[in-house]
Amino acid sequence: MRRALRSFASKKKEIVVSGIQPSPTMHLGHLLGSIRTTTSLQEDISSRCFFFIADLHALGSKQIKDEVADSSSLQVTMDSFALALACGIDPSKTCLFLQSTNPFLMELYWILSSICPIHKLESMPRLKSKSQGKPNLGLFSYSLLMAADILLYRANRVPIGEDQAPHITLARYLAEHVNIISPKTFMMPEALFSSTPKVASLQNVFKKMSSSGQADSERINLLDSPEIITKKIKSAKTDMNFEVTDDPRRKELANLMGIYSSLSGISSEEGYKSYQGKHLRVFKTDLAEKIIAELSPIQKEFEKLKKNKDHLCKLIEDGKMRALEESYHTKENVKKIFMNLEKK
């Protein structure tokens, strides 16, 4: 392992780290956000990409309940891994793995918890939006675990939405603290904002599309059938003007046009120009067809992967070993700094 680590360290490449929580309702926002960013960057020979299914984050996001987690949780995680593959994450180019399979993460998380001031976590927006006044420890330290994810793989860039910028600020604060003691232990991570506009709820444009806390009609799930996609787009909330215009005040239309433009590989301005003066019904019909065409091959590949469980399990094991190998050196360095351990 150490010989491989020296080889890895010698590669002067920009490191990109990203992840998504496992969910039975992975949606279009996931695809156009972190997944698309990773599939694009994995083709860049100057980048090394790490993409993980954040099953520990999913656990920490839950509020305390009396019931025990049901047995479907593991299946959801496996399905999310398969969907990431189906969406184009290539394990030969990207280190794709399950977050919980790397124990080095929790070692780093615990060490970072000893230097992270409580007020830094109290100010995090996710805590305020999800806790409802009674956070469990997992939710309270959610941002600290995210910082550990970023720093463990010495990320240069982290694809995020604008609402997650405070998480990068925390990671940079902790990296700077450690680097004062031992320079160059961590890179200083930078936020990488997607060129794709934030994908909002189909029914409430002031909320982003989400897998939790929303009605199913508010999002396009990656595994939705063509009929359901068409129904959801047709019923997506818009104003009373049935003509397509580029008026910036029409936020619901702008959200739909942002989706259309992202899937078409054009700018929103070009999208508006194509439909200027046309009936909204025409645009929505075309948008639904565009989404169906995008998701159909993903759904077929997903079903194919699900049927080959041995292959899927092998890829999960391979991803685990790569994640362990490529984070070992960082973990050992941090332990040496804070626990005064001799390196063997």
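This is a predicted model: local features need pLDDT of at least 70, side-chain atom pairs count only at pLDDT 80 or more; totals for chains, interfaces and linings use all residues.
**Exercise 1.** Determine which residue forms a salt bridge with Glu 294, and where in the chain the two partners lie.

*Solution.* Begin with the contact itself: Glu 294 pairs with Arg 36, and the closest N and O atoms of the two are 2.7 Å apart. Since the cut-off is 4 Å between a Lys or Arg side-chain nitrogen and an Asp or Glu carboxyl oxygen, the pair counts as a salt bridge.

**Exercise 2.** Decide whether Asp 216 and Arg 219 are buried or partly exposed, and state which network of salt bridges includes them.

*Solution.* The two side chains meet in a salt bridge with an N to O distance of 3.5 Å. Asp 216 has a relative accessibility of 35% and therefore counts as partly exposed, whereas Arg 219, at 5%, falls under the 20% limit and counts as buried. Both residues belong to a network of salt bridges that also links Asp 224 and Lys 232.

**Exercise 3.** Classify the accessibility of Arg 249 and of Asp 247.

*Solution.* A salt bridge joins Arg 249 to Asp 247, with the closest N and O atoms 2.9 Å apart. Arg 249 has a relative accessible area of 70%, which is over 50%, so this residue is exposed; Asp 247, at 22%, is partly exposed.

Conventions: Residues are numbered from 1 along each chain as its sequence is written. Side-chain values use heavy atoms; hydrogens and water are left out. Helices (H or I, at least four residues) and strands (E, at least two) are DSSP runs, numbered from the N terminus. Buried means under 20% relative accessible area, exposed over 50%, partly exposed in between (1.4 Å probe, protein chains only).
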